[in-house]
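User: Please walk me through how to read this model, one feature at a time. I would like the general idea before each case.

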Amino acid sequence: MKAAGLDQMVIQWTADSKDQTTIYPSALAGYTQDTHHDVVERALHAADGSGVKIYLGLQINNDWWTKYLNDADWLRNEASIANLLADDLTRRYRLHPSLAGWYLGFEVDNIETAPAQWDNLISFYRTVGQHLHKLTPGKPIIISPFFESRSGLSSAEWQTMWEYILKRSPIDIMALQDGVGAGHVTPTQLPEWFGATRNAIHNARPRMALWADTETFKAGFVTMPIRSIVDDMCAVQPYVTGYLSFSFNHYLSPQQANPLYYQTYMGYRATGKVESVSPTQPLNVSGVAVDSLTVQLTWTASTDNLGVIGYRILRDGTRATTTHDVETTYEDNGLTPGTTYSYQIEALDAAGNASVASDPVTVTTPPPHLYPINLALGKQYSTTMPADASYPDSLGVELTDGILDSSNFADPAWQGRATTKTYSFTIDLGATHDIKEIRSDWLQDEASGILLPKQVHCSVSTDNVIFKTVGTVKKPLLNDDTQAFWYTLTDLTGVKGRYVQVQVVPGSSAGWTFIDEIEVRQ
């Protein structure tokens, strides 16, 4: 981090006030540590020796996304918890010279924010901010709000909102999320929103600093090309006095991401230019239809002056997906039976340079076998993880009631889970049957943080004890549009069972998965 010019780090949270867990050995009543190591101590100790400043985040609480600024009592309670947490952290870590300040992790946005709510936020900021300034004089407090350019308050209304709030709140630094990676804004819109925020600070609290919280990821929570990161930083440079990276540790560190990203960024730091040599064209592309839903692609690897980090798959001239490894095979699933597709491949490097597209290859999927009987309709099922209370499984029958909803996540047939952990459903068909097809309906709404599963594993059993694997459906090559999609295993042979288990591997280290229906057909 130090070699990359990073001299400060924000630990986003040290406690979860909903689950009552911490990342350090806390003395707070009722709280337990859920990490193997004292994460706070390790970070501060390393920073003490390297000259890096550490800002400690207080709590997170997933109820924030439903309570938000509407529940004054809930916010008051969270303010009390924040102050107790700060007292505990200060007692334990106050002697570390690298402890530079504080971070408040509740992220405010422009989507559902109205003047009546602003006073609730001000009360929270005052209660916590005044306590922190008295507890640790001179140590600044950071917040990191975000905006959605396509909905909610306009940039002018955003300026008005923050002028009102900041005049009345003891906040020292706003690290504004640039929103490009999350798809909340285009790079050309950054000056408008950062300019409005700069004006709000100038008019309301001139001593306050504005930083950019630069997003280093893109859709699907994969690393953003270095040129795009640099361009986003340059776009906001006239308005800010500093930068945070969200997040170097996840998306740029050579310990976590492909080291070529770090190497390319370090080349930019040394020369002031992002390298511009494109990889060579992928050759010898071939494709074969595995079944009526799946095409297997292969090609010869490309080369690059620094190295290839992945390939862009073009289906019928449009990007279907981007791989982030050097594998020269890809399985395109979830296709339409009886359809001819044209494929091309482009090689990519960490800077964002792309090769010339390969010569096209065409593949035709065979026609489908139709299986009319849904054995799962109306059957009972169990799950290893209940749906979130905000998007519940109404009456415990949604997955097999045969009711399909739209691609709006608020429609009641969808049930949602915010988790990174694998979970599963088990359906009791009532008797042993021959099974020809297993499929489940999922939602993609990337702007809302709803991602398709990385994988869905299907297995069957006659006794609900010993399960036999049937197959795995991987995340399909879709565009970024909001849409529902069926994960399907079809044309199964020799598969019998009474119990069908669908195991879900979430799509990333963050976000939601939403499911509507599971069908078992013959």
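Analyst: Happy to! Start with how the elements are named: helices (H or I, at least four residues) and strands (E, at least two) are DSSP runs, numbered from the N terminus. The model is predicted, with local features requiring pLDDT of at least 70 and side-chain atom pairs pLDDT 80 or more, while totals for chains, interfaces and linings use all residues. Residues are numbered from 1 along each chain as its sequence is written, and side-chain values use heavy atoms, leaving out hydrogens and water.

User: Which strand gives the most to the lining of the second largest pocket?

Analyst: First, the general idea: rolling a probe the size of a water molecule over the atoms shows where empty space is left. On a 1 Å grid over the protein atoms alone, a pocket is an open set of points with protein on both sides within 12 Å along at least five of seven lines, a cavity is a set where a 1.4 Å probe fits but cannot get out, and lining residues have an atom within 4 Å of a point. In this case, strand 17 gives the most, with four residues. Strand 17 covers 318-322, and at least two lining residues each also come from strand 12 (222-223), helix 8 (248-251), strand 16 (308-315), strand 18 (329-332) and strand 19 (340-349).

User: How much space lies in the second largest pocket, and which residues are the closest to its centre?

Analyst: A volume is the space filled by probe spheres set on the grid points, which are joined across faces, edges and corners. Here that gives about 1500 Å³. The lining has 48 residues, and V222, T321, T322, T323 and H324 are the closest to the centre. To sort residues by class, count Ala, Val, Leu, Ile, Met, Phe, Trp, Tyr, Cys and Pro as nonpolar, Asp, Glu, Lys and Arg as charged, and the others, Gly among them, as polar. The lining of this pocket then divides into 16 nonpolar, 20 polar and twelve charged residues.

User: How many cavities of 30 Å³ or more are there, and which residues line the largest cavity?

Analyst: The count comes to one cavity of 30 Å³ or more. The largest cavity has a volume of about 50 Å³, and its lining is made by L58, Q59, A82, L104, G105, F106 and F124. By class, five of these lining residues are nonpolar, two are polar and none is charged.

User: Let's turn to helix packing. At what angle do the axes of helix 3 and helix 4 cross?

Analyst: Axes are lines fitted to C-alpha atoms, for helices over the stretch in contact, and angles run from 0 to 180 degrees between N-to-C directions. For helix 3 (residues 72-93) and helix 4 (residues 115-135), the angle is roughly 15 degrees, and the axes come within 9 Å. Under 35 degrees counts as roughly parallel, over 145 as roughly antiparallel, 65 to 115 as roughly perpendicular and the rest as oblique. Helix 3 and helix 4 are therefore roughly parallel.

User: Is the crossing of helix 3 and helix 4 left-handed or right-handed, and which residues meet?

Analyst: A crossing is right-handed if the near helix is turned clockwise from the far one by less than a right angle, and left-handed if anticlockwise. Helix 3 passes helix 4 in a right-handed crossing. As for contact, the rule is heavy atoms within 4.5 Å. From helix 3, the residues include A82, A86 and T90, while the helix 4 side includes F124, V128 and L132. The contact has nine nonpolar, five polar and two charged residues.

User: How do helix 4 and helix 5 pack?

Analyst: Helix 4 and helix 5 (residues 155-167) pack at about 40 degrees, with their axes 9 Å apart, and are therefore oblique to each other. Their crossing is right-handed. W118, D119, L121, I122 and Y125 in helix 4 meet T160, M161, W162, Y164 and I165 in helix 5. That contact divides into eight nonpolar, one polar and one charged residue.

User: Which residues does M233 touch?

Analyst: M233 is in helix 7, and beyond residues up to four places away in sequence, M233 touches T214 and Y243.
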